[in-house]
Amino acid sequence: MKKLFSVFACLLLLITVPSFSSAEKAQQKDKSYDFSRIKNATITGIKAQPYGEATYSADFDLAGKVNTALKNALSGRNIKVTPAPDTLARHSINIAVNVEGLGVFTVHEDAYDETRTVDKKTVGKDENGKDIIVTIPTQEVVHHPAKDVPHAVAILNFSVTDSVTGKEIYSLRDSRERNDETDTSGMLGRICRDFAKMISMN
């Protein structure tokens with residue numbers, strides 16, 4: 001019976017604990033293009049759009065932050081970033097980035113009370129009258145005060161074109177969010193590294 005109660009308590013905990021992060025990707029890739037031969041890339045533009053949250057605050061020097069993270073990610077894949085597109089070099093690419101969001105917004109959470117079941121230990125007697133430790137499941141109420149919860153968000157759209165033909169060969173929309181977080185650097189780094197990996201392999 002005690003084992004069954006423990007299993008039920010674990011399941012209840014899994015149901016009531018909120019999600020603290022999310023990620024969503026949508027991509028299109030030209031299957032006829034040899035991505036493994038890409039050696040040079042030019043970042044042709046980084047544009048930012050207003051994010052649709054009233055409390056949203058964009059990261060300082062957003063374009064510079066994205067530019068640095070993207071260059072580091074491409075360098076990690078042995079792709080050289082050049083200042084201007086090379087229209088004569090084969091398998092040289094142009095990368096345009098549209099930032100839908102890179103910053104923090106807050107969500108207000110009202111106060112609430114939560115009833116928890118905890119195991120409390122007390123001293124009891126066995127059949128011989130000796131002291132023993134007895135565990136008794138006990139309900140307690142925990143009060144959670146109202147608070148404003150920060151949400152870090154990073155949503156980037158990448159468009160990759162071949163420098164010679166101008167044809168789009170790859171596109172990616174990567175959207176990530178973390179609750180109770182104010183630093184977007186980790187998400188941005190992972191987005192750029194995943195992007196660089198995708199354009200360096202077939």
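## Starting point: serine 175

Serine 175 sits in strand S9, where helices (H or I, at least four residues) and strands (E, at least two) are DSSP runs numbered from the N terminus. Strand S9 covers residues 168-179. With a relative accessible area of 16%, serine 175 is buried; here buried means under 20% relative accessible area, exposed means over 50%, and partly exposed is in between, using a 1.4 Å probe and protein chains only. Leaving aside neighbours within four places in sequence, serine 175 is in contact with Ser22, Ala23, Glu24, Ala154 and Ile155, contact being heavy atoms within 4.5 Å.

A word on how to read all this: the model is predicted, so local features need pLDDT of at least 70 and side-chain atom pairs count only at pLDDT 80 or more, while totals for chains, interfaces and linings use all residues. Residues are numbered from 1 along each chain as its sequence is written, and side-chain values use heavy atoms, with hydrogens and water left out.

## The chain as a whole

Let us step back for a moment. The protein chain has three helices and nine strands. Following the sequence, their order is α-β-β-β-α-β-β-β-β-β-β-α.

Of the 202 residues in the protein chain, 31% are buried. Among contacts between residues at least 6 apart in sequence, 78% join residues at least 24 apart.

## Helix H3 and what it packs against

Helix H3 runs over residues 185-198. Met187, Leu188, Gly189, Ile191, Cys192, Phe195 and Ala196 are the buried residues in H3. These buried residues pack against H2, strand S5 (92-109), S8 and strand S9.

Not counting residues up to four places away in sequence, methionine 187 touches Ala152, Val153, Ala154, Arg176, Glu177 and Arg178.

## Where H2 meets H3

Two packed helices are described by the angle between their axes and the distance between the axes. For helix H2 (residues 62-76) and helix H3, the axes come within 8 Å and cross at roughly 45 degrees. Axes are lines fitted to C-alpha atoms, for helices over the stretch in contact, and angles run from 0 to 180 degrees between N-to-C directions. H2 and H3 are therefore oblique to each other, since angles under 35 degrees count as roughly parallel, over 145 as roughly antiparallel, 65 to 115 as roughly perpendicular and the rest as oblique.

On the H2 side, the contact is made by Lys65, Val66, Ala69, Leu70, Ala73 and Leu74, and on the H3 side by Ser185, Leu188, Cys192, Arg193, Phe195 and Ala196. By class, this contact has nine nonpolar, one polar and two charged residues. In that count, Ala, Val, Leu, Ile, Met, Phe, Trp, Tyr, Cys and Pro are nonpolar, Asp, Glu, Lys and Arg are charged, and the others, Gly among them, are polar.

## Strand S8 and aspartate 162

Strand S8 spans residues 147-162, and aspartate 162 is found in it. Aspartate 162 is buried, at a relative accessible area of 6%. Residues up to four places away in sequence aside, aspartate 162 touches Tyr33, His91, Ser92, Lys167 and Ile169.

## Exposed residues in the loops

Asparagine 78 lies in the loop between H2 and strand S4 (80-81). Asparagine 78 counts as exposed, at 63% relative accessibility, and has a positive phi of about 60 degrees although it is not a glycine. Aspartate 180, in the loop between S9 and H3, is exposed with a relative accessible area of 55%. Its phi is also positive, at about 55 degrees, although aspartate 180 is not a glycine.

Arginine 90 is found in the loop between S4 and S5 and is exposed, with a relative accessible area of 67%. Arginine 90 and valine 164 are 74 residues apart in sequence and 6.7 Å apart in space, C-alpha to C-alpha.
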